[in-house]
Amino acid sequence: MQTVKMVISGAVNAGKTEFIRTISEIEVVSTERRATDDTRLIKKETTVAMDFGRIAISDDLVLHLFGTPGQKRFDFMWEILAEGMLGLVILVDSTRPETFRETNRIIDFFVSYRDTPYVIAANKQDRPNAWSPDELRLALRQPPHIKVLPCTATDRESVKNVLLELLYVIQERSED
Amino acid sequence: MALVGNIRDFSLSDFLSLVDRGYKTGALHLTYHDQTARLYFEKGKLLLAARRPEDEKPELLVRLGVLNADQLAQACRALAARGNGVTLSQVVIDAGMASPERLQSALMGHTEQSVYGLFAWPEGDFVFEHNQRPAPDAPLALTPISIDHLIMEGVRRIDEWERIRDRIPSTDLVPRFLAPPGEKLKGMRLSPDEWKVFARINGRDTLAEIAQKTGLSDFDVCRAVYGFLTAGMLELVKRQRVLAAGMPPVEQPRLKKSLVNRIINRIRSM
């Protein structure tokens, strides 16, 4: 059985758990706990370890989805999760510009020392005051070739679209 | 849809940079306690900055000493007669009441000072309304003002490493011009230290090496480079095969196209 891995990252409350929950075939294995620091101002429970979801591609191939912990003190987990990943989805809460700096830090971490295929998902596009993907591209200073995609993490079609767009980037780099 | 936020989290320099790179047209409304400000932009350039409502009125030209009260009344009548599409500033020039240079200089100076004052705000809510334009009789700069040097001014006031580290995580990175910087430099006023840094950028030296060669501190070099980055002049690259933390480059696994296609087909079918 071959397994391949994708990582879903983003700042606290960007929607990582929801994103995986929406597409995973198994109930997401999540270690959500009551938040103990300033993240509790944002949500009562947050992911302090990681989320894990799974999609069976065929009898001999499985796609694993890992959500990174949002809190800074779990940064050490990122290196472990990044090992051998196929690609990366960076989720951004489009309604909270205060998280854009943190999002840039995360992008920098994951793409600085490895040539990681990634896309940015502009989550919560269904909310009022959501910054559009074009505006997020400017705010996050992403070059034109990086895909910044509209996303609503609770909507299966939207999540599928983000994963497919990432797969198209991976496809371009893959061997014949 | 309006862009909403707070300059505590997304700084005014960053927002000006976004407007510049996105060629935005609209009005930025800022509020900090009982203070307000409004900045109008057209295609990424600044038309007018008002720290109070009176700054958007024709009387500003009298306050700035460009016109006297009689001339202003005459200009306003002429503006009303000429109708849409003509600005008050254009009417003033056409009537020979002030030279273009005098008018532009007065309005540019006023606008710049208004924006500089905003950089002192530690926080403030902002709302950017797309395509909102100033009133027809507003005293607009004849030539919209490039905001690159306004961004640099904002960056000069940064005194915290944390903000700079967000974009410059290591002094082992190499700054490199995105294009010949000539065009971007027009209208940008650099301090002597910024010139020192600018002159040392060659696409080969790291930030640490530039600091060593200029005798400036790492912080001063990084702050100047942060300004150039924010103004869209530079990018930072890793020196080839010499990575900041001594980490070897991580090779991504190269997959077979057929395997990726299988995953794509599966996701599509879900």
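A salt bridge here is a side-chain nitrogen of Lys or Arg within 4 Å of a carboxyl oxygen of Asp or Glu, and helices are DSSP runs of H or I with at least four residues, numbered from the N terminus. In this predicted model, one such helix, α6 of chain B (residues 148-156), holds both B:Arg156 and B:Glu153. The two sit three residues apart, about one turn of the helix, and their side chains meet in a salt bridge at 2.8 Å, N to O. B:Arg156, with a relative accessible area of 25%, is partly exposed.

That pair belongs to a bigger picture. Over all chains, the structure holds 25 salt bridges. Another one in chain B joins B:Asp94 to B:Arg82, with the closest N and O atoms 2.9 Å apart.

In general terms, side chains of opposite charge can pair when their charged atoms come close.

What about a pair that crosses between chains? A:Glu25 and B:Arg266 make one, and the closest N and O atoms of this salt bridge are 2.1 Å apart. On the chain A side, A:Glu25 sits in the loop between α1 (16-23) and β2 (29-34); its relative accessible area is 37%, which makes A:Glu25 partly exposed. On the chain B side, B:Arg266 belongs to helix α12 and is also partly exposed, at 21%.

Helix α12 of chain B deserves a look of its own. It covers residues 257-269, 13 residues in total, and runs 18 Å from its first C-alpha to its last, close to the 18 Å expected at 1.5 Å a residue. Which residues of α12(B) are buried? They are B:Leu259, B:Val260, B:Ile263, B:Ile264 and B:Ile267. Looking down the axis of α12(B), these buried residues fall within an arc of 140 degrees, so they line one face of the helix. B:Ser258 and B:Ser269, on the other side of α12(B), are exposed.

Key: Residues are numbered from 1 along each chain as its sequence is written. Chains are lettered from A and ligands numbered from 1 in the order in which they are written. This is a predicted model: local features need pLDDT of at least 70, side-chain atom pairs count only at pLDDT 80 or more; totals for chains, interfaces and linings use all residues. Side-chain values use heavy atoms; hydrogens and water are left out. The expected span of a helix is 1.5 Å times one less than its number of residues. Buried means under 20% relative accessible area, exposed over 50%, partly exposed in between (1.4 Å probe, protein chains only). The arc is that of the directions from the helix axis to the C-beta atoms.
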